Amino acid sequence: DFQPPSGELKTLIEAQWKSLDNFTATFSAQTAAVQGAESGLTWVSATNGSGWGWLGYNKGTGRLEIATLANQDPLSPT
C-alpha cells in the first residue's frame, strides 16, 4: 500500500519544493524522458523502458536531487 513520505524526507521535500504535489510534478517532468508514456513514479525511483529517475540526497549541499540514468544504472555517490 502506498504511504506518502513522512518524517525527515517529507520535511526536506516540503522545504525544497514547498509541497508534495510540487515535488511530484517536478520529479515527473524531469524524469519523463526515462519514464515513457506510463508513469512508474514511486517516491524513490521511476522507471519504464530504458532508464531510471532517482531522488537522492547530496550530503555536500544538504539537499535532495533528482537524477536520471540510462538503463538500470544505480545512483552513485559523488
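I started with the aromatic residues: Trp-17, Phe-23 and Phe-27 form one aromatic cluster. I am working on a predicted model, where local features need pLDDT of at least 70, side-chain atom pairs count only at pLDDT 80 or more, and totals for chains, interfaces and linings use all residues. I number residues from 1 along each chain as its sequence is written, and side-chain values use heavy atoms, with hydrogens and water left out.

**Entry 1. Layout.** I looked up the elements. The protein has two helices and three strands. They run α-α-β-β-β from the N terminus. Helices (H or I, at least four residues) and strands (E, at least two) are DSSP runs, numbered from the N terminus.

**Entry 2. Burial.** I find 26% of the 78 residues buried. Buried means under 20% relative accessible area, exposed over 50%, and partly exposed in between, with a 1.4 Å probe and protein chains only.

**Entry 3. Aromatic pairs.** How many aromatic pairs does the structure hold? I find three. Rings of Phe, Tyr and Trp (its six-membered ring) pair if their centres lie within 6.5 Å; planes under 30 degrees apart count as stacked, over 60 as edge-to-face and the rest as tilted. I took Phe-23 and Phe-27: their ring centres are 5.6 Å apart and their planes stand at 40°, so this pair is tilted. Both residues lie in helix 2, four residues apart, about one turn of the helix. Both Phe-23 and Phe-27 are buried.

**Entry 4. Core.** Next I checked the largest nonpolar core. It has seven residues: Ile-13, Trp-17, Phe-23, Phe-27, Leu-55, Leu-64 and Ile-66. Helix 1 (7-17), helix 2 and strand 3 (63-70) each give two or more residues to this core. A nonpolar core is a set of buried Ala, Val, Leu, Ile, Met, Phe, Trp, Tyr and Cys residues joined through side-chain atoms within 4.5 Å.

**Entry 5. Thr-31.** I found Thr-31 in helix 2 (residues 20-35). Is Thr-31 buried or exposed? Thr-31 is buried, because its relative accessible area is 0%. A polar atom of the Thr-31 side chain lies 2.7 Å from the backbone oxygen of Phe-27.

**Entry 6. Tyr-57.** I found Tyr-57 in strand 2 (residues 51-58). Its relative accessible area is 46%, so Tyr-57 is partly exposed. Leaving out residues up to four places away in sequence, Tyr-57 touches Leu-12, Gly-62, Arg-63 and Leu-64. Contact means heavy atoms within 4.5 Å. Tyr-57 and Leu-12 are 45 residues apart along the chain, with C-alpha atoms separated by 9.6 Å.

Terms used. Polar contact = N/O pair within 3.5 Å; in protein donor to acceptor, adjacent residues only side chain to side chain.
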